[in-house]
Amino acid sequence: MLFDTHVHLNVSHFDEDREEVLARAEQAGVKYMVVVGFDHETIPKAIEMAEQHNHIYAAVGWHPVDAIDMTAKELAWLEELSNHPKVVALGEMGLDYHWDKSPKDIQKEVFRKQIRLAKKVKLPIIIHNREATEDIVEILQEEDAKEVGGIMHCYNDSVEYVDSCLEMNFYISLGGPVTFKNANLPKEVAKYVPADRLLIETDCPFLAPHPKRGKRNEPAYVQLIAEQIAALRDISYDELSQQTTKNAKRLFQIQD
Ligand SMILES: [Zn+2]
Ligand SMILES: [Zn+2]
């Protein structure tokens, strides 16, 4: 039984065959997933999917690439949605220095506002980080995000920062890159993270694991990620699945 902690089944890439994708996920043993909404279009769709399916949950937040589009209106909308019974986290939020649509100072401000909201509504946060680990850790510390904790989604930096994240009550989530041949950082991280802080995710439709690399990713492929991490940690696939599912349910406070 697997828990894919980060999916974007709410984007148009899945408009043609969403139900088939869900059926394949079930067949692969993926019982739970969190659909992550990040803008005006994907947030309502994430909520809709969570309402339609028992074991699908939603996270809502404003993506750092689009930080420049987040006004007080969007922040109030996120606060309202945080009361929804199937919304289990706020995010993804964070910093993305790869794209320059939103200037860094605006990204930081929008990130801080969302952390403060998460503390107000008492939900964990999902962090998107691209080439910005140092600034993210600093802001999480300054804002005392430890109070709510959360997930470093698709963690792709060195082991060096993992301890700071763990200290702030964050879980480390690994995705497709851990299966890539030359990706040493996520492989080292996969071995390093304590068993009770490890999560798995696809981030589909992006970042498909080997041997599906370059194709559209989907939740069923989280199996490939789990297999790789189990091998790296020298434990059974079952043990890895059980542990990561238990971790996700604890973090998102899912009872059944
Ligand atoms: Zn992301
Ligand atoms: Zn994402």
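Strand S7 is joined to strand S8 (residues 198–200) by 3 bridges, and the two run parallel; strands are DSSP runs of E with at least two residues and helices runs of H or I with at least four, numbered from the N terminus, and two strands pair if DSSP finds at least two bridges between them. This is a predicted model, in which local features need pLDDT of at least 70 and side-chain atom pairs count only at pLDDT 80 or more, while totals for chains, interfaces and linings use all residues. Residues are numbered from 1 along each chain as its sequence is written, chains are lettered from A and ligands numbered from 1 in the order in which they are written, and side-chain values use heavy atoms, with hydrogens and water left out.

- On the S8 side, leucine 174 stands opposite isoleucine 200, and S7, helix H7 (residues 184–192) and S8 form a right-handed β-α-β unit; right-handed means that, with the strands pointing away from the viewer, the path from the first strand over the helix to the second runs clockwise.
- Strand S6 (residues 150–152) also pairs with S7 in the parallel sense, over 3 bridges, and isoleucine 151 stands opposite tyrosine 171.
- From S6 the chain passes through helix H6 (residues 162–167) to S7 in a β-α-β crossover that is right-handed.

**The sheet as a whole**

- The open sheet has 8 strands in the order S1-S2-S3-S4-S5-S6-S7-S8, with parallel pairing.
- Its edge strands are S1 (2–7) and S8, each of which pairs on one side only.

**The site of the zinc ion (ligand 2)**

- Histidine 6 counts as buried because its relative accessibility is 1%, and histidine 8 counts as buried because its value is 2%.
- The zinc ion (ligand 2) lies 3.3 Å from the zinc ion (ligand 1), and glutamate 92 coordinates both.

Conventions
Donors = N, O, S within 2.8 Å, 3.2 Å for Na, K, Ca; no water. Buried < 20%, exposed > 50% of the residue type's maximum accessible area, 1.4 Å probe, protein only.
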